[in-house]
Structures are given as C-alpha cells and as structure tokens.
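Dear colleague,

I am handing over the structure below, and I would be grateful if you could look through it before reading my notes. The notes follow directly after it.

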Amino acid sequence: MIYGKDSFESLGINEGITESNSYLHRLGVLRSISGLLNRSLWEVFFGGGDSAPLRAFRDGLVSGVAGIQNLDNQYLRTLTVGGIFGTSLLICVIFYALKRGSLFERSLMVYFCITFVTYEALTWNSLLYLFILLTAGIRNRDVGRGLLKDKGSEYSESKNELLPPQIYVDPSVSLELEGPGLTSSELGIQSSRRSALD
C-alpha cells in the first residue's frame with residue numbers, strides 16, 4: 001500500500017499524518033485521474049493550458065480537500081496542463097537523464113521523481129531552473145562528446161572521460177612550426193604510422 005496508514009506506521013510516522021488535510025488532499029487528487037481523462041479529446045492529449053488545474057477543480061474533475069486548489073503532484077499537473085503528450089515528454093526527459101547522466105545527475109533526477117509525487121515542483125522557479133539546467137547539461141555533454149569525437153578526440157565510456165586527440169606524424173616528414181630546423185623528434189611528439197586501412 002503506497003499511501004496506507006500501515007505504511008506510515010511501519011516507518012514510525014503515526015502522529016495523525018493520515019488524518020491531515022495535506023495527506024487527504026493528495027490522496028483525493030490521486031484518485032481523480034479518471035476525471036482528468038474525461039475532458040475533451042484535445043485536452044486529454046494536449047492539455048488545457050496553465051489555467052486547466054483551476055478549471056478542473058471548479059468543474060469537479062479533481063477532488064481533494066475543500067479550499068485547496070493545488071494538485072500537489074507534478075505528474076498530474078503536467079497531465080492537466082500538457083495532456084498525455086506533455087506528460088510523455090516529461091517522462092522521456094526523466095528516463096533520458098536517468099540513462100545518460102552521471103551518478104550525481106541520476107541521484108538528482110531521482111530526487112525530482114520523488115518530489116514530483118508530493119507537490120508541483122516545476123511551478124517553483126528555482127526547481128524549474130535546476131531541472132532545466134540538469135537535463136540541458138546532460139544533453140549538452142552528449143552533443144559535446146559527439147562533436148569532439150568527430151574532431152579526433154575519443155570518449156572512454158569505462159572511465160567517463162574525454163581522451164586527448166591522437167596526433168599522427170609521418171617520421172619521414174620534418175615539421176616546421178616556429179622556425180626552421182624543428183623536427184617532430186625535437187618537439188617531443190611521438191610519431192606513429194597510420195596503417196593503410198585507416
């Protein structure tokens with residue numbers, strides 16, 4: 001049981017939390033998913049915009065504690081505002097970050113996943129910006145890996161680091177960089193031959 005009284009008591013939290021308005025409201029909102037799917041077909045698939053949560057409460061599609069008109073659940077808010085399409089995008093971004101992120105980034109995304117169940121985290125500017133920076137940083141690093149790989153660098157998946165570009169110098173050709181007479185051996189560049197297969 002996810003939201004059962006026994007779950008809280010097993011964690012040592014039994015100080016009347018299951019009778020609090022916060023708990024009852026969140027539970028009531030979770031039970032209202034079917035109401036959100038009874039809207040027009042357009043709103044089910046693409047959402048009703050930023051004012052959709054208030055309309056859902058006003059129209060009785062969502063029920064919670066009287067007087068509280070927040071969904072207190074980011075997934076349900078996204079379903080209300082952006083429909084199935086928007087919710088699918090959010091879930092895809094979460095899975096992408098969980099798959100491609102570093103250990104720290106994945107840990108932060110797990111925090112967001114848990115937080116999204118308890119309140120509308122992306123309506124808070126600080127958390128919205130952190131979420132955007134987290135996902136954009138992971139994507140930017142992936143793009144950077146691809147661009148650098150094309151320019152000669154290689155990415156080591158096992159070490160999670162970028163390897164320096166390999167320099168190939170034909171030992172029969174002398175290099176003149178700044179002045180005459182500087183060869184690759186004088187510059188300390190290790191030369192190697194490229195095979196004919198490269």
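**Charged pairs, cores and helices**

Asp50 is exposed, with a relative accessible area of 61%, where exposed means over 50%, buried under 20% and partly exposed in between, for a 1.4 Å probe and protein chains only. Before going further, please keep in mind that this is a predicted model, in which local features need pLDDT of at least 70 and side-chain atom pairs count only at pLDDT 80 or more, while totals for chains, interfaces and linings use all residues. Residues are numbered from 1 along each chain as its sequence is written, and side-chain values use heavy atoms, with hydrogens and water left out.

Asp50 forms a salt bridge with Arg77, the closest N and O atoms being 2.8 Å apart; the term stands for a side-chain nitrogen of Lys or Arg within 4 Å of a carboxyl oxygen of Asp or Glu. This pair links distant parts of the chain, since Arg77 is in helix α6 and Asp50 in the loop between α4 and α5, 27 residues apart. Helices (H or I, at least four residues) and strands (E, at least two) are DSSP runs, numbered from the N terminus.

Another of them joins the side chains of Arg55 and Glu43 (3.6 Å, N to O); Arg55 lies in helix α5 (residues 52-58) and Glu43 in helix α4 (residues 41-46), so the pair ties together parts 12 residues apart in sequence. Arg55 counts as partly exposed at 24% relative accessibility, as does Glu43 at 22%, and a network of salt bridges links Arg39, Glu43 and Arg55.

Turning to the nonpolar cores, each is a set of buried Ala, Val, Leu, Ile, Met, Phe, Trp, Tyr and Cys residues joined through side-chain atoms within 4.5 Å. The largest has 14 residues, and those with the most contacts inside it include Leu90, Met109, Phe112 and Phe131. Helices α6 (74-100), α7 and α8 (125-150) each supply at least two residues of this core, and α7 gives the most, with 5 residues. Apart from it lies another core, of 8 residues, among them Leu36, Ala56, Phe57 and Leu71.

The UniProt record, an unreviewed entry, annotates residues 79-98 and 110-132 as "transmembrane region", and such annotations may be inferred rather than shown by experiment. Over residues 79-98 the chain is 100% helix and 0% strand, with its end C-alpha atoms 21 Å apart, whereas residues 110-132 are 74% helix and 0% strand, with end C-alpha atoms 15 Å apart.

Finally, a word on confidence: pLDDT is the predictor's confidence in each residue, from 0 to 100. The protein chain averages a pLDDT of 76, and 62% of the residues score at least 70. Over residues 147-153 the pLDDT is below 50, and it stays under 50 over residues 190-198 as well. Where pLDDT is low, the predicted coordinates should not be read in detail.

With kind regards

Technical notes. Contact means heavy atoms within 4.5 Å.
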